[in-house]
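Have the model open beside you as you read.

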Amino acid sequence: MLHWNLKRIAAIFLLLSILIVVLNFTGFSRNIKDFFFWLSSPVQKSFWQGGKNISDFLTSISKTGVLKKETENLRLENQELIGRIAGLIELEKENEVLREALALGLEEESELVLARVMNKDISQDSVLINKGGRDGVLNGMAVITEQKVILGRVGAVYDRFSEVVLISNKDSSFGARIPEREIDGIIRGKGSFGLSFDLIPREKEIFENDVVVTSVLGGVYPPGLLVGKVKAIKKSDVDPFQSAEIRPAFDIYSLDYLFIIVADG
Amino acid sequence: MIFIVWIIYLLSLLMAKKIIFFTVILYILILLQTSFLVHFSLSGFLPNFVLIAVIFVNLFSSSLKDKIISALIGGFYLDVFSLDSAGGFFGFYILIMLAIFLFLKIISEKYVRFPIIKKI
């Protein structure tokens with residue numbers, strides 16, 4: 001009985017293997033995925049929103065004390081930033097005058113496509129968004145939030161949907177810098193929303209809460225997009241470089257919308 | 001919506017009820033897993049509920065049909081909803097699920113006995 005069943009199972013295995021090879025080589029698997037994403041999108045939208053609301057509610061209950069402290073810190077940070085903005089307004093005026101004098105003209109804004117998160121892969125740091133090839137999305141395009149925080153790049157494009165490989169994905173790496181201290185390095189994804197800032201020269205001084213932005217190095221993302229803040233510094237006497245753990249500036253679960261940069265200004 | 005209901009009705013006429021049952025249950029599970037439960041993951045960790053469901057059916061069901069159908073449908077859904085930008089290929093999870101089915105079948109038939117627990 002078992003022997004006969006095994007024969008039948010072996011035949012199923014063989015047939016399935018052939019079917020899988022055909023599906024992958026003809027690219028028909030992409031159509032199947034696109035169809036299922038389309039079919040599930042209304043339910044997934046509701047599930048995502050529902051999960052977000054319940055999660056927010058539970059977080060607000062469990063973290064009341066932490067939130068109080070965080071609000072106080074943010075209030076202080078806000079005051080500091082207001083002071084900096086006042087200084088920057090002056091600089092902006094000066095910059096405008098210089099641009100006019102040099103006849104450069106202001107840089108045009110990038111062309112953006114608005115998208116919504118549909119689901120997240122459970123095994124890796126990738127999300128599905130509701131914009132695809134039909135909307136002009138191409139592989140490798142950068143994806144940001146409305147606060148100009150870098151999220152990742154488009155990893156695969158279907159007709160109506162695309163996959164975004166987050167910067168915290170294990171396969172992701174790109175150039176970044178701490179503009180305040182003019183320190184360059186490489187950001188590497190560690191999975192589960194973890195980031196590490198590597199290849200920082202040993203002699204450079206970095207501190208917790210230093211802001212990290214994308215740099216032109218490597219050319220993966222447009223420069224100047226916010227990556228996150230330094231969380232912990234790792235320095236060893238034997239290594240020629242130091243590294244730092246980064247707290248990402250984005251929280252994928254609290255996002256409603258995100259933007260794909262389809263053309264740079 | 002009418003189209004979907006019509007397809008489900010047609011499938012129920014053509015196929016066995018169990019296929020419909022597993023198709024619907026595993027579909028709801030995969031949607032919950034990828035869109036709802038991801039918000040409640042602990043440090044990015046979330047159990048694979050479809051995989052757990054398939055293993056559960058393979059361990060406790062006595063019907064060979066149930067076991068293989070759940071493995072195939074579960075694997076198919078995991079393939080569809082696993083984002084393949086990391087370079088994976090479509091069908092990976094179907095093969096994994098079938099391998100799990102085969103492994104559990106051989107182990108349970110040859111080496112495991114349940115003297116007290118009666119099989120469902």
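## Where the chains meet

Between them, chain B and chain A bury about 3800 Å², 72% of it on carbon and sulfur atoms. Please keep in mind that this is a predicted model. The contact draws 47 residues from chain A and 43 residues from chain B. Nine residue pairs are in polar contact across the interface of chain B and chain A, while the count of salt bridges between the two chains is zero.

On the side of chain B that touches chain A, helix 2, helix 4 and helix 5 (92-110) each supply at least two residues. Helix 5 of chain B gives the most, with eleven residues. By type, the residues of that side of chain B divide into 27 nonpolar, eleven polar and five charged.

Now to the rings. Over all chains, the structure holds 20 aromatic pairs. Two of them share B:Tyr77:

| Pair | Centre distance | Plane angle | Geometry |
|---|---|---|---|
| A:Phe36 and B:Tyr77 | 6.2 Å | 75 degrees | edge-to-face |
| B:Tyr27 and B:Tyr77 | 5.6 Å | 40 degrees | tilted |

The pair of A:Phe36 and B:Tyr77 crosses between chains, from helix 2 (residues 28-62) of chain A to helix 4 (residues 64-81) of chain B. The pair of B:Tyr27 and B:Tyr77 links distant parts of chain B, 50 residues apart, with B:Tyr27 in helix 2 (residues 17-36). A:Phe36 is buried, and both B:Tyr27 and B:Tyr77 are buried.

Which residues form one aromatic cluster? They are A:Phe35, A:Phe36, A:Trp38, B:Tyr27, B:Phe76, B:Tyr77 and B:Phe90.

Terms used
Residues numbered from 1 in each chain as written. Chains lettered and ligands numbered in written order. Predicted model: local features only at pLDDT ≥ 70, side-chain atom pairs only at ≥ 80, totals over all residues. Heavy atoms only, no water. Phe/Tyr/Trp six-rings, centres within 6.5 Å; stacked < 30°, edge-to-face > 60°. Helix = DSSP H or I, 4+ residues; strand = E, 2+ residues; numbered from the N terminus. Buried < 20%, exposed > 50% of the residue type's maximum accessible area, 1.4 Å probe, protein only. Contact = heavy atoms within 4.5 Å. Buried area = accessible area lost by both parts, 1.4 Å probe. Salt bridge = Lys/Arg side-chain N within 4 Å of Asp/Glu carboxyl O. Polar contact = N/O pair within 3.5 Å; in protein donor to acceptor, adjacent residues only side chain to side chain. Nonpolar A, V, L, I, M, F, W, Y, C, P; charged D, E, K, R; others polar.
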